[in-house]
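Hi everyone, thanks for making time this morning. I'd like to walk you through one model, going from a pocket to the core and then to a helix.

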Amino acid sequence: MIELLTCGLFSHSKDTRRENQDTILPPVFINDGLLMAVADGVGSYDGAQFASQSAIKELPELVTKGNLQNMSDLFMSLKEGVSSLSAENIKFSHAATTLTFCFINDIGLHIGHVGDCRLYVKDGARLKQITKDHTQHQKLLDDKIYSKNELKNLPGKNTLTTAIANAIPLDFQQTFIPHEELLDEREECCVYLMSDGAHAFWDRRPRFSVNTISNPASFASSLYRRIEKNGPIDDHSLIAIRYRVL
């Protein structure tokens, strides 16, 4: 059985005068497990906000139906939902969104991921990134064409190679981590989901005190203050939780 101990979250637009194209699913109990997600509508296309909302709206029902057993079907169903937006408005024919979600049950952490939102888990006094960005920079790293230092001043850092959309080839990452690889000495674990507008500020200085990292509410407050202090560069969303296995 999963017990949710603490949660911290936020989701804000870059500018209060424009819509927030991020959509979050706060932790919700489904099928004896805990589901949460962050979606980031691709801002270069009309309907980005509706695309991220569509993915988040459909996800709980798909998980309830047991689609985690076939992640390919789950993402194809989400793709069909986003694609159907064009029937409502032809301007939305290229609407697209990223999505990163996790489902925590008695056996471990199930992760589905498309795009450049990220999932981290607490690893001692640091955060360990579990998902891999679907971006041009990451592809160049994977292909060993450039090193991280060589890529710092090159364009393409935020250019996606896949997303949930009608016109974009779908690729996704599926990961499972058993609890024995996650839980600390108290049988607890912290998980953090961030859109790129949030993890950009974490990457600049990836450290807080151990107490802050261990407390999702404190982590959310501290990261939000950092973003506001420096000025948002994009819509920014975070869900952080601490849970225990009973």
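Let's begin with the second largest pocket, which holds about 230 Å³ of space. Keep in mind that this is a predicted model. Two elements give two or more residues each to the lining of that pocket: strand 6 (118–123) and strand 10 (188–194). The lining comes to 14 residues, and those nearest the pocket centre are Val121, Lys122, Asp123, Glu181 and Leu182. What is the make-up of the lining by class? Seven of its residues are charged, six are nonpolar and one is polar.

Now to the nonpolar interior. In soluble globular proteins, nonpolar side chains tend to be buried together. Here the largest nonpolar core counts 24 residues, and Leu35, Leu59, Val63, Leu74, Phe75, Leu99 and Phe101 have the most contacts inside it. Strand 2 (22–30), strand 3 (33–41), helix 1 (48–64), helix 2 (71–83) and strand 4 (96–105) each give two or more residues to this core. There is also a second, separate core of 23 residues, with Ile104, Ile111, Ile130 and Ile177 among them.

Let me pick out Phe75. Beyond its neighbours within four places in sequence, Phe75 touches Leu99, Phe101, Gly112, His113, Val114, Ile164, Leu170 and Phe172.

Phe75 is also one of the buried residues of helix 2, along with Met71, Leu74, Leu78, Lys79, Gly81, Val82 and Ser83. What do these buried residues pack against? Their partners are helix 1, helix 3 (85–88), strand 4, strand 5 (108–114), strand 8 (164–165) and strand 9 (173–178). As for length, helix 2 has 13 residues and spans 18 Å between its first and last C-alpha, close to the expected 18 Å.

Thanks, and I'm happy to go back to any part.

Technical notes:
Residues are numbered from 1 along each chain as its sequence is written. This is a predicted model: local features need pLDDT of at least 70, side-chain atom pairs count only at pLDDT 80 or more; totals for chains, interfaces and linings use all residues. Side-chain values use heavy atoms; hydrogens and water are left out. On a 1 Å grid over the protein atoms alone, a cavity is a set of points where a 1.4 Å probe fits but cannot get out, and a pocket is an open set with protein on both sides within 12 Å along at least five of seven lines; lining residues have an atom within 4 Å of a point. Grid points are joined across faces, edges and corners, and a volume is the space filled by probe spheres set on the points. Helices (H or I, at least four residues) and strands (E, at least two) are DSSP runs, numbered from the N terminus. Ala, Val, Leu, Ile, Met, Phe, Trp, Tyr, Cys and Pro count as nonpolar, Asp, Glu, Lys and Arg as charged, and the others, Gly among them, as polar. A nonpolar core is a set of buried Ala, Val, Leu, Ile, Met, Phe, Trp, Tyr and Cys residues joined through side-chain atoms within 4.5 Å. Buried means under 20% relative accessible area, exposed over 50%, partly exposed in between (1.4 Å probe, protein chains only). Contact means heavy atoms within 4.5 Å. The expected span of a helix is 1.5 Å times one less than its number of residues.
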